[in-house]
Amino acid sequence: VCSSDFSRRSSPWTVMKSEPAQRDEPEDRPGAGPSRTGAGAMKRGLELFRYVASIGAVTALLLSVATYLWALSKAFLFVEALLTASTSPDAALVKLYESVDSILIATVLLIVGYGLWELFVGDLNLPPSLTTLSFDHLKGRTAGTPLLVMAVRFLEVIVARPEPDELLAVGVSVTLIGALLFAFANWQRPH
């Protein structure tokens with residue numbers, strides 16, 4: 001397997017180089033002997049353990065595909081509601097908002113999947129909007145999307161024309177949770 005010179009990270013599928021042949025060196029020299037080899041193997045094992053994150057990355061990407069398909073089925077329900085004369089425009093609008101919700105959730109899953117892969121496994125050739133530079137960057141991008149989902153959910157409630165008390169309760173809840181998510185997305189740890 002040929003390794004690329006421009007890759008910053010090694011792939012789990014690259015062929016490991018064979019161990020150098022044993023030299024006839026004195027065992028009393030510091031750093032020589034089995035303890036040096038054991039530490040190197042432990043270090044290599046710990047470095048390879050980062051690839052466990054690929055399970056989360058692939059899971060998020062597969063869930064993203066499933067959620068995009070779910071959004072597509074909701075979009076068909078929206079079109080069906082538009083074409084059905086017995087459906088009120090408000091009910092059709094709720095179906096549209098439900099489809100948009102699913103698209104936003106699928107997008108978050110896509111960002112998380114690509115972000116985990118880039119952070120723990122290796123760089124991908126992605127557009128800048130999907131590139132993840134750090135865990136804080138990933139956290140900020142994913143915390144902002146639930147704000148959009150909550151806004152869409154609030155629009156669904158408004159379209160349903162609830163009682164004023166219910167509308168106020170939902171509006172205050174969305175505002176408080178939204179403010180917390182916004183603070184979480186924009187909070188930077190001191191470096």
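Of the 191 residues in the protein chain, 26% are buried, where buried means under 20% relative accessible area, exposed means over 50%, and partly exposed lies in between (1.4 Å probe, protein chains only). The structure is a predicted model, in which local features need pLDDT of at least 70 and side-chain atom pairs count only at pLDDT 80 or more, while totals for chains, interfaces and linings use all residues. Residues are numbered from 1 along each chain as its sequence is written, and side-chain values use heavy atoms, with hydrogens and water left out.

The protein chain contains five helices and zero strands, and from the N terminus its elements follow the order α-α-α-α-α. Helices (H or I, at least four residues) and strands (E, at least two) were taken as DSSP runs and numbered from the N terminus. The protein chain exposes about 13400 Å², of which 68% is supplied by carbon and sulfur atoms; accessible areas come from the Shrake-Rupley method with a 1.4 Å probe, and for residues only the protein chains shown count as cover. Among contacts (heavy atoms within 4.5 Å) between residues at least 6 apart in sequence, 67% join residues at least 24 apart.

Nonpolar cores were defined as sets of buried Ala, Val, Leu, Ile, Met, Phe, Trp, Tyr and Cys residues joined through side-chain atoms within 4.5 Å. The largest nonpolar core has nine residues, namely Tyr51, Ala57, Ile111, Leu116, Trp117, Val121, Leu126, Leu130 and Leu138. Helix H3 (residues 89-120) gives the largest share of this core, three residues. In soluble globular proteins, nonpolar side chains tend to be buried together.

Nonpolar side chains also occur on the surface, where Val65, Leu69, Leu72 and Phe76 form a patch with about 410 Å² of accessible area together. Patches are made of residues with over 30% relative accessible area and no salt bridge, with like charges joined within 9 Å and nonpolar side chains (Val, Leu, Ile, Met, Phe, Trp, Tyr) within 5 Å.

Three salt bridges were found in a search of the whole structure, a salt bridge being a side-chain nitrogen of Lys or Arg within 4 Å of a carboxyl oxygen of Asp or Glu. Side chains of opposite charge can pair when their charged atoms come close. One of the salt bridges joins the side chains of Lys43 and Glu47, with an N to O distance of 3.1 Å. Both residues belong to helix H1 (residues 34-48) and are four residues apart, about one turn of the helix. Lys43 is exposed, with a relative accessible area of 53%, whereas Glu47 is partly exposed at 35%.

Asp101, Arg153 and Glu156 are linked in a network of salt bridges. In the pair formed by Asp101 and Arg153, the closest N and O atoms are 2.7 Å apart. Asp101 lies in helix H3 and Arg153 in helix H4 (residues 135-159), so this pair ties together parts that are 52 residues apart in sequence. Asp101 is buried, at 0% relative accessibility, while Arg153 is partly exposed, at 42%. Arg153 also forms a salt bridge with Glu156, for which the closest N and O atoms are 3.1 Å apart. These two residues are three residues apart in helix H4, a separation of about one helical turn. Glu156 is buried, with a relative accessible area of 10%.

Helix H4 has 25 residues and reaches 37 Å from its first C-alpha to its last, close to the 36 Å expected at 1.5 Å a residue. The expected span of a helix is 1.5 Å times one less than its number of residues. H4 is followed by Arg161, which lies in the loop between H4 and helix H5 (164-186). Arg161 is not a glycine, yet has a positive phi of about 55°. Its relative accessibility of 65% makes Arg161 exposed.

Helix H3 also holds Ser99, which is buried with a relative accessible area of 6%. When residues up to four places away in sequence are not counted, Ser99 touches Ala71, Lys74 and Ala75.
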